[in-house]
Structure formats: C-alpha cells, structure tokens
Amino acid sequence: MTDRSTAPAAVTPTAWASPQMQARIRRRYRQERLFKLTGMGALALAAGFLVFLMASIVSSGWTSFLQAEVSVPVVLDPARLGVTAAQAKANPALLRRANFQGVLADSVAKAHGDEVEIVSDGAWLALRKAVEADPGLIGRTVPMWVIATSNLDQLAKGRIDLGADEGDRPVTDAEIAAWKRLEAKGGIRTVLNTTFLTGADSVDPELAGVWGALKGSFLTLIVTLLISFPVGVLAAIYLEEFAPKNRWTDIIEVSINNLAAVPSIIFGLLGLAVFLNTMNMPRSAPIVGGLTLALMTLPVIVIASRAAIKAVPPSIRDAALGVGASRVQVVFHHVLPLALPGMLTGTILGMARALGETAPLLMIGMRAFLTSVPQGFTQPATALPVQIFIWSDNVSRGFVEKTSGAIIVLLLFLLLINSLAIYLRNRFEVRW
C-alpha cells in the first residue's frame with residue numbers, strides 16, 4: 001500500500017496553464033525553430049559556396065574542350081617537302097625527316113599572308129599524320145583545317161576584351177585584324193578539342209592535353225590501392241581480433257592515429273629518402289608515387305577498418321564460435337564480410353585524398369615536363385593535380401582555361417572512382 005505522504009504530487013491542469021510554464025514552452029519552441037533555421041541557413045550557405053565554386057570553374061574551363069582551327073590549302077610540293085610520293089610509299093620512314101614545317105609555313109603565307117602568326121607551331125604534326133596515312137597526297141594541294149595559335153583561339157572563343165587598350169590585352173591589333181579577316185571569309189572555326197583529351201603536356205597551350213597526367217594518376221592510384229587496401233585491412237584485423245592488449249599494441253594504435261594527421265609533405269620526404277635515395281627506384285615513376293601515397297593512405301584505412309570491425313555485433317562471433325568455428329574462420333567468414341562496406345568507405349576517403357595530393361608527388365619528382373603518355377608503372381609520368389599546379393603557374397592566357405578544364409576532368413575522375421567504390425560497397429553490404 002502506497003504511503004500518501006510520500007507519493008508525488010499530481011500535476012494539475014492549472015500548472016500547465018500557468019503563465020510561467022507557457023512562457024517556458026514558447027521559449028523552448030522558439031529556440032527549436034531558431035536551431036532549425038540555423039541549420040538550414042548553414043546548409044544553404046554551404047550549397048551556395050559549392051554552386052559558386054563549380055560555376056566559376058565551369059565558366060572558366062568549358063572552352064578548353066574546344067579548339068579554333070584555320071583553313072589552309074596546303075601545297076605538298078615534293079621539292080619543298082624533300083620526298084616524293086613514290087619514295088614515301090617505298091620507305092615511310094622518310095616522312096619523319098620531311099620538311100612539313102616549311103611546307104605548312106609556305107602554304108599559310110600564300111593563303112593568308114605572313115603579317116602575324118595564325119597557325120600553331122605544332123600544327124604540322126597533323127599534316128604529317130595525314131600524309132603518313134595517304135602518301136599519295138604528296139604533289140597535290142590539300143585543303144586542311146589546322147590548329148590556330150593560342151591568341152586566335154582565345155579570340156574565337158570570345159575570351160579577349162576587344163575594348164581594352166593594346167597594352168592591356170594579350171593580343172595585338174594585328175592579330176585581331178587577322179582574326180576578323182578569317183571570320184569574314186569563313187577561314188576559322190571552333191571544334192571539339194580532341195588534343196586536350198588525348199594529348200600530354202606542351203609548351204604551347206593549344207597543344208597541351210590532360211591524358212598523360214590522367215593516365216599517370218590512374219597508374220599511381222592502382223599501385224596505392226593494391227598496397228594500402230590489403231595491408232590496411234589485415235593490420236586492422238590483427239589489431240582488433242588477434243593482437244594482445246598490452247603496452248606495445250597501445251603504442252601502435254597511438255602511432256597509427258598520429259600518422260593519420262601528419263602533413264602529406266612529410267610522406268613525400270619519406271618517399272624521397274626511402275624509395276629514391278635508398279632503394280634507387282626510378283624517379284617520377286607511378287610506382288614510386290603509388291608507394292608514397294600508400295604510406296599516407298594506410299592510417300586512414302586502418303582506422304576506418306577497425307571501426308567497421310568493432311561495429312559488427314558480438315553475437316555474430318559468439319554464434320560462429322558456438323557452432324565450432326575457429327577464430328580465423330569467425331573473422332574471415334563472418335566478421336570480415338559484414339565489416340567490408342565500412343572498410344570500403346574508409347578506402348574511398350583515403351583514395352580521394354590520395355587523388356588530390358600534390359605535395360608528396362612534387363617531392364618525388366612527378367612534376368617533370370613530359371610530352372608523351374606514360375606506358376607503364378616504371379616510366380616517367382606526372383599526376384593530374386601536379387599538372388594543374390604547373391599550368392596554374394603559367395602566365396599564358398591559354399593555360400588559364402586549361403587549368404580550369406583540368407580541374408573539371410579531375411572532379412569527373414574523382415566522381416567516377418567514388419561512384420565505383422560506392423557501388424562496390426553497396427554490392428557487398430549485408431544487413432543484420
């Protein structure tokens with residue numbers, strides 16, 4: 001029987017209707033609305049900054065996927081070229097020594113005059129490629145569209161302020177006059193810039209491409225993934241499931257947590273000292289870049305993998321042990337499949353960080369000027385973030401849009417890799 005003297009007093013309806021209580025309730029609801037509005041404002045501000053950033057990058061870089069070309073009737077004079085059609089058919093190697101530069105320069109001067117330069121220095125490469133495909137063109141006049149100079153390219157894309165004084169703009173009045181003459185007679189056009197998507201670096205912005213750097217990043221990330229993922233997952237499994245709890249494992253855990261916060265350039269110095277100076281591995285090679293980035297990515301993967309293993313319910317382990325499974329079978333047959341989605345999440349974060357890193361790759365020499373696309377893990381290469389850094393340091397107006405265009409490619413590459421990783425994570429996810 002309850003003692004009425006100690007029973008809690010009942011809250012009467014009049015207590016809730018008191019002015020003090022109603023004021024507190026209104027204040028609480030007001031604070032809740034203010035908190036929601038603050039959160040929505042923060043999200044809107046973040047979204048606004050993101051939209052502004054993406055809009056500025058796209059507006060500056062979308063024209064890098066276009067290229068201006070000039071129409072030139074090329075006179076393939078055998079005497080000026082230094083090889084006849086019959087000789088080129090019998091020995092195609094002679095075309096490598098033919099004077100395509102002189103032939104193209106004469107044709108441009110004859111068709112458009114030579115007051116200003118309107119054709120890129122490397123435009124003759126397309127001419128040689130066409131003649132290599134059909135040596136019978138020698139001795140004929142062939143109408144061709146060749147790459148324009150960077151200044152004419154910027155004029156054709158509307159990137160130059162024509163109202164500015166000549167000293168305040170990167171093009172001269174003579175170049176503007178030449179561009180207007182070409183526009184009037186239909187001698188210039190803008191097409192898809194396949195060179196930007198399939199070429200490597202160049203001193204001329206109209207000939208520079210991202211494929212060499214993009215392939216270098218891809219090869220580097222393959223090495224990073226093949227080393228960091230299995231080593232990180234196995235280290236996490238050992239520390240979480242098999243390692244004894246003592247002072248040494250505590251030191252290892254603290255060291256891993258500290259390594260995850262170490263600046264990336266320190267790992268670049270480590271890669272320089274170990275892989276290049278001590279092991280004498282090839283400089284600027286994707287295998288060295290991958291090893292360096294793997295050292296940087298390992299702590300992130302280990303920490304995320306341990307958290308994923310801890311999230312697996314203990315009942316899974318107890319049930320497996322109860323039916324006679326060994327410790328190894330429990331881990332690899334039951335715990336690991338359930339923890340794999342979380343491990344892949346940590347790997348996504350680590351690889352995304354590795355893809356955007358520049359400082360470690362600069363330290364190991366992956367900033368070389370390379371005009372060829374790397375063909376293997378041991379050949380000299382550069383990475384896309386490093387390429388962006390190099391182009392951003394160039395004062396040429398043509399490289400400004402190339403920098404923004406390369407950033408767009410990097411973001412699309414990162415989106416592709418993350419989408420693939422998220423698909424794999426969802427594919428292997430098991431719910432309990």
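**Close-up views of a predicted model**

**View 1. K157 and E401 pair in the interior.** Both K157 and E401 are buried (under 20% relative accessible area; exposed is over 50%, partly exposed in between; 1.4 Å probe, protein chains only). They form a salt bridge, with the closest N and O atoms 2.8 Å apart. A salt bridge here is a side-chain nitrogen of Lys or Arg within 4 Å of a carboxyl oxygen of Asp or Glu. K157 sits in the loop between α7 (150–156) and α8 (173–184), and E401 in helix α18 (residues 397–428), so the pair ties together parts 244 residues apart in sequence. Helices (H or I, at least four residues) and strands (E, at least two) are DSSP runs, numbered from the N terminus.

This is a predicted model: local features need pLDDT of at least 70, side-chain atom pairs count only at pLDDT 80 or more, and totals for chains, interfaces and linings use all residues. Residues are numbered from 1 along each chain as its sequence is written, and side-chain values use heavy atoms, with hydrogens and water left out.

**View 2. R189 bridges to E69.** The salt bridge between R189 and E69 has its closest N and O atoms 3.0 Å apart. It links distant parts of the chain: R189 is in strand β3 (residues 188–192), E69 in strand β1 (residues 66–75), 120 residues apart. R189 is partly exposed, at 35% relative accessibility. E69 is buried, at 14%.

**View 3. D173 meets R169.** The two side chains form a salt bridge, 1.9 Å from N to O. Shared partners also join D153, K157, E401 and K402 into one network of salt bridges. D173 is partly exposed at 41% relative accessibility, whereas R169 is buried at 10%. The count of salt bridges comes to 12.

**View 4. S120 is buried in a loop.** S120 lies between α5 (100–112) and α6 (124–133). Its relative accessible area is 4%. Leaving out residues up to four places away in sequence, S120 touches I147, A148, T149, E206 and L207. Contact means heavy atoms within 4.5 Å.

View 5. I303 belongs to helix α13 (residues 286–310). It is partly exposed, at 33% relative accessibility. Beyond its neighbours within four places in sequence, I303 contacts I256, N257 and A260. I303 and A236 are 67 residues apart in sequence, yet their C-alpha atoms are 7.3 Å apart.

View 6. Phi of N280 is near 55°; that of S284 is about 65°. N280 is exposed, at 61% relative accessibility. S284 is buried, at 6%.

View 7. The patch consists of L50, M54, V58, W62 and L411, with about 440 Å² of accessible area together. Areas come from the Shrake-Rupley method with a 1.4 Å probe; for residues, only the protein chains shown count as cover. Patch residues have over 30% relative accessible area and no salt bridge; like charges are joined within 9 Å, and nonpolar side chains (Val, Leu, Ile, Met, Phe, Trp, Tyr) within 5 Å. Helix α2 (residues 19–61) gives the most to this patch, with 3 residues. L50 lies in α2.
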